[in-house]
Amino acid sequence: MRTVIFFLFIILTACTNSLPEGVKVESLPAVFPDYMDVTIPRNIAPLNFKLVDSKQKLRVLFKSGEAELIVGGTNGKITIPKKKWRALLEKSAGKKIDVTVYENEKNGWKIYAPFAMYVADEPIDPYIAYRLIEPGYELWNQMGIYQRDLESHTQTPIMENKMTGDNCMNCHSFCMQNPDKMLFHMRETYPGTILIDGDKIEKLNTKTDQTISSLVYPSWHPGGRYVAFSVNATKQAFHLNDRNRVEVFDEESDVVVYDTETHEIVTSPVLFAKERWETFPTFSPDGKTLFFCSAEPYPVTEFKQIKYSLCSVSFDPDNRTFGSTVDTLYNAGTDGRSASFPRVSPDGNHLLYTLSGYGNFSIWHKDADLYLINLKNGTTRAMNEVNSNDVESYHSWSSNSRWIVFSSRRIDGLYTRPYFAYINENGQAGKPFLLPQKDPDYYHRFMKSYNIPELITGKVKPQGRSIALKAKNDPGVDVKFKGSLH
Amino acid sequence: MKEKRKYIVWALFSLLVIALFVFLQQEYRYHFFFIEQNFMFRSSLDYIMPHLAVPGGLANMVGEFLIQFYMFPYAGAAITTALIALVALLINALLRQINSGYSWLLLACIPALSLFFLHFDFNYKPAGTVAFLLMLIAAWGGLVIKNDRFRFAYNLVVVSCLFWCCGSVFVLYALLMVLYEFGTGKPLRYWSLLLVLLAGILGEMSVRFALIGEYKLIFLPDMFYHTRLQPKSLIYFSYILLILLYAVALWLKPVKEKKLFFKLAELTLPFVFVLLFAGWGLREYGDEKAQHVKKLDYFSRTGQWDEVINESRGSMTNYLYICYLNLALAEKGQLAERMFLYDQRGVDGLLLKWNKTFSISVLLSDVYYSIGNVALAQEMAFEASVSVLGSGNPRMLKRLVETNIIYGEYKVAGKYIDLLEQTAYYKKWAREQRRFLYNDAAVEEDHLLGEKRRGLLVDSYLSNTNGLDRDLINLAEHYPANRNPIEYLGGLLLLAKDLEGFKTLLETYYGTDVLPVLPNGFQEAVIILSEKMPEEWAKYRVGQAVIDRFGQYRKSILANKNNQALPQLMARDYGNTYWFYFMFK
């Protein structure tokens, strides 16, 4: 019996750990997701992939110096063992992994030319949060905000709308990537904004008589006391024949700052002007500057004329006051395009934003791309190393400023998927990689989009039931509008 | 004699089952086609695993598996009949385990029927019946075990399994088993209370840990109903009736010597009661009014436009019916020619207002598709897909395949084709669409897809921002070969009695490719526009038959102008004209 087991062991290890002899070809394998030449963090989950249009047995050799890992696969796909992958990455931090794919064809094994994966020294924040929602229009069904452990393939819900009467929830936002301090909105049933600070859950009624809507797009002040919001009157319409399909536009918008301690909204004439539309606020990491986008109003029939500049104004967190001078980092009037989603890296060195031909809901604009401003020297460039010929839109930074996650529709043009890219101190980015899944075919059948991907430093405490009870039973705190304080 | 009674009972039961099937197939066959589009079973792990990961998921999955066959003729009626019959048979088996001294089969039909009535409700998931059935099978298995300790262990396992696989029926199971243990004086009866405790803990944990949204969705059959709606109390009947029957079976002592009267009553009374209950339930819950729209929907879905038109004779007060009729006329290229032959009631009959419901979204997708507004057809298809009760809407997924192919969005079309290829009924159609992927020539050669693609505007703009009429005009001008945009526009103007608008339409487009000749309905409107200017009639080539008929119409009006019954009088002979619509509607 022991002999049988021994030989079985030999056979099994021989089968999975050995590399077959075969014919080397010069071509690179066509893999999905495209993990060729990507830069990855050392704590990322296994990057399972498949050989496109192959149903064959595979062997894949991952080699970095002395460290190597051989993985077998069937049906054209590989599933990399998590522990061994992690061990490989730890050994390869700061180095390159050469990946060689072996495909078992009818007349023998084919050995493709190797491609590289670069392992960055710096880890990525271990979780991202996102909303999963169909990429449409007005109606919804099952919806939720989820978190994904980036070190494994596990996704768990933060909040699902089945807990709250199938309502709409959106605009989740974390204070400095802190999973214990966040907020999101609920709409329609049990409407309000839910603010979570540790064990404290608060429900806010954020519509005031002076603002055109409830609070919409959020961005936390680094100190945690304030949250900048936009207020928007948003509409949607459909192109009769345009690859962009849908147009979402504001008929009006302003920017305000909410004080979590006093439940008051403050603003400034430069953020609340009727003759301009202000939106997408974000604070600098030192909390002394508020960036935002601003456009000249146009009627909906001239929607392509609506172009947002990227601006900034100073903010005094002690007095809740704003400067009177608005600086323009990107001028839509002169450059002719439209900025959205400014986000500053936590180290304060770079500002990432989205630029598209017009408008502000850039997820529906195929020409939307990511741009990076070096805040030290003021230079701006297109991030050609991460952009594609389809949408790149919403993005966020990791806490160590070395990684970004962004939304892209490059796979099929409709379903938004999260991509990660490494950014070094000089603002140069590595090739982005798609959020890995256990099954490489997952995205092909998945009918929801990943919306507002946010990197967070830990797991959000699962308290869906508590949040639901708060939303249902608590009347909420009415937010008051204080207006401009100078 | 006992054997004879048994055969009579089985014969009556069989009669009921056959009658049920025949009744469903005759009176409700379109109901099953309508229900089918709300659910989508796919034979793939990415469909199965998420279902198995939540309480009640297995029952939902089995329910969708069965529903996929509803598209095949007779299958809906057969599957529903089989489910209900099995429920009755299992209840009978259960009750006979407890008390074999009586005949329970006919009485067992009553809770089964209460489940049956639910199937007429568009918002009910047939998975609820599947779950009930699985629970009965498990309960029967439990009662077969004679060893008290084994039965107790079995029940503990089953409560847990039913909780995960079948949802709320696990509570019913626990209650039935407790009733049984106490009712039969079993030694472990007090231990059986642990089953209820276990059920309570499982339910509580599922809500506490956010697996389930509300308590009623795990403890009550509300789980199998549209979560945003409040179900009728009918949904609880099967649970309550089963418990009652169970209690009666436990309580009733067997009678050794039954008198003839008793034997006859035991045979006839349940049968009569079942019939009465069935009659009452069908009247109360049969939703007969909705059957007509389901029929129209089926004919529309399968392109049987003549059937839709044939169903639309006589008075119509429902905008939904009229919308289907006008769609059918448009698909036959006869909208403006024949629309006023039928009972039109205003613009909503041509283009319903979107009320964000599934069924209106589907209909509007069809209407916009017919018009050639592919963008809005796609939007409505997407909305309908998102708002279904089950796991998907295969009918609208087909529309999404088509519209994405038309736009050349082949990757997305391929994604949807992949999904449909995992279904039983749609895989063949899906496979046939593959030839269009990345093959513009094939698309352009196809009669349907090519025409829709040719109808796409070159210079796009936002739909509905300049008014629907602007969209229709632009579509008509861009691709005059498709008459539907101009006929819908003309129809909308006439139904709204906007004669000025209609006049502008004629002056702009008559004699062009967009409107080379006037269809009958438009000719009638020309006469209204210019009643005292016959030269205008000649200009627009109004036919002599139309002119003559108007002459008679006018004479009738003048002759009866003081008659209070004028509308009724005119409706008889001229109700199928635009003149009547304009004057009296």
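In the predicted model, helix α8(B) is followed by B:G167, a residue whose phi is positive, near 70°.

The buried residues of α8(B) are B:R151, B:F152, B:N155, B:V158, B:V159, B:L162, B:F163 and B:C166. These residues cover an arc of only 130° around the axis and are therefore placed on the same side of α8(B). An α-helix has 3.6 residues a turn, so residues three or four places apart point the same way. The cover over the buried residues of α8(B) includes α4 (57-67), α7 (127-144), α9 (169-183), α10 (193-208) and α11 (216-219) of chain B. The exposed residues B:R149 and B:F150 are carried on the face of α8(B) turned away from its buried side.

Between the two chains, 42 residues of chain A are in contact with 45 residues of chain B. The area buried between chain A and chain B is about 3800 Å², with carbon and sulfur atoms giving 54%. In chain A, the residues losing the most area to chain B are A:L139, A:L240 and A:R445, which together account for 21% of what that side buries.

Four salt bridges are counted between chain A and chain B. A:E188 forms a salt bridge with B:R228, the closest N and O atoms being 3.9 Å apart. Elements giving two or more residues to the side of chain A that touches chain B are β19 (226-238), β20 (246-259), α4 (442-445) and α5 (464-473) of chain A.

Methods:
Residues numbered from 1 in each chain as written. Chains lettered and ligands numbered in written order. Predicted model: local features only at pLDDT ≥ 70, side-chain atom pairs only at ≥ 80, totals over all residues. Heavy atoms only, no water. Buried < 20%, exposed > 50% of the residue type's maximum accessible area, 1.4 Å probe, protein only. Helix = DSSP H or I, 4+ residues; strand = E, 2+ residues; numbered from the N terminus. Arc of directions from axis to C-beta. Contact = heavy atoms within 4.5 Å. Buried area = accessible area lost by both parts, 1.4 Å probe. Salt bridge = Lys/Arg side-chain N within 4 Å of Asp/Glu carboxyl O.
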